[in-house]
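Me: Please pick one residue in this model and take a close look at it. Then show me how the part around it is put together.

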Amino acid sequence: MKSTTVSLAQARRIAVRAQALDGSAKGILETVRRIGFLQLDPIATVAPPQELILWSRLGPFDRAELDRLVWVERKLFEWGAYIWPIEALPLIRARMRRPRGKYSWERRGTEFLKTNAAFRRYVLRELERRGPLLSRELEDRSVAAWGSGGWTGDRSVTEMLDILHGRGQVAIVGRRGGQRVWDLAERWYPETETVPLAEAERELTEKRLRTLGVRYEKGEWHAHPDAADGPVPKRITFLSPFDRLVHDRDRAEALFGFRYRLEMYVPKAKRQYGYYVLPILRGDRLIGRIEPVFDRKTGGLRVNSVHWEEGVQPVSLQTPLRSLAKFVGAHRVEGDI
């Protein structure tokens, strides 16, 4: 794959365009295919990350259509805390089948399956007989609990399902009240070709580089051969902390001169900007950060704070805030903006 060395200004434009943040995004499915995947996370101060990532590109969209694409039409699928285009399934299946043991958490999962072999058989049998099921609809028949140290509260059923999911034996086939619904993978995933792991990893790496547009290597920016440079409209939007444009914090700092860190786990008194702050993108520059919170009880979209980057002339945020309010269903925008 032959890349082209580009200037910093070119790299910024290419990165924004490659991630469909230039106003060119046309629909949910096309957008997910362009950017590679959507990251999932339970924190939804404004909206779930997968929805906020799409809103940043599409503006207000029909959330039901995203659900339909995943759970009804199956043109997207959920695996590994991401939503992927179904075309990526052969590559992801290679990861599902990969040998485990390189990392301690993999060895721990293998040992958990071995120790709880009868529990594993019970889970698969119940899914075959009664599925699809929520985790709470399965009994905890583990003989050795996961003992997570607090992160999962010793929920051995959930851990069993997660391990089997990672290894391609069960699938997430829906959501009920926000909870994952499980079934046998063979009943959910379509048949696909078998791709060797090494080939799958090469293809996934190439796809990732293409969706990012540029990479930083030895002090230079290199553009992917398929990357396109060109003017970027000065549209203003807010980015999820999990957006691929800023997900790699060091890359974002090198590309935009923008130091960004989530401060959720920083004590309140020590936070510099706020609990869940979103970068503000204007054209091909990150010009500041904003902390909006959707109060679902009052129906207001409250702006706790706005911080502009040094040397940036403040601009009106009314248009993206009205768009975000409309998307999340807020009746008004509150705060001194």
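Reply: Leaving aside its neighbours within four places in sequence, Ser305 touches Tyr273, Arg289, Ile290 and Glu291. Contact here means heavy atoms within 4.5 Å. This is a predicted model: local features need pLDDT of at least 70, side-chain atom pairs count only at pLDDT 80 or more, and totals for chains, interfaces and linings use all residues. Residues are numbered from 1 along each chain as its sequence is written, and side-chain values use heavy atoms, with hydrogens and water left out.

Is Ser305 buried or exposed? Ser305 is buried, because its relative accessible area is 16%. Buried means under 20%, exposed over 50%, and partly exposed in between, with a 1.4 Å probe and protein chains only. The Ser305 side chain also makes a polar contact with the His307 side chain, at 3.4 Å. Such a contact is a pair of N or O atoms within 3.5 Å; within protein, one must be able to donate a hydrogen and the other to accept it, and residues adjacent in sequence count only if both atoms are side-chain atoms.

Now the strand. Ser305 sits in S13, which spans residues 300–308. A strand is a DSSP run of E, at least two residues, numbered from the N terminus. S13 pairs with S14 in the parallel sense, over three bridges. Pairing needs at least two DSSP bridges between two strands. Gly300 has Arg332 in S14 as its bridge partner.

Finally, the sheet. Five strands form an open, mixed sheet, ordered S10-S11-S12-S13-S14. S10 (236–238) and S14 (332–334) are the edge strands, each pairing on one side only.

Technical notes
Helices (H or I, at least four residues) and strands (E, at least two) are DSSP runs, numbered from the N terminus.
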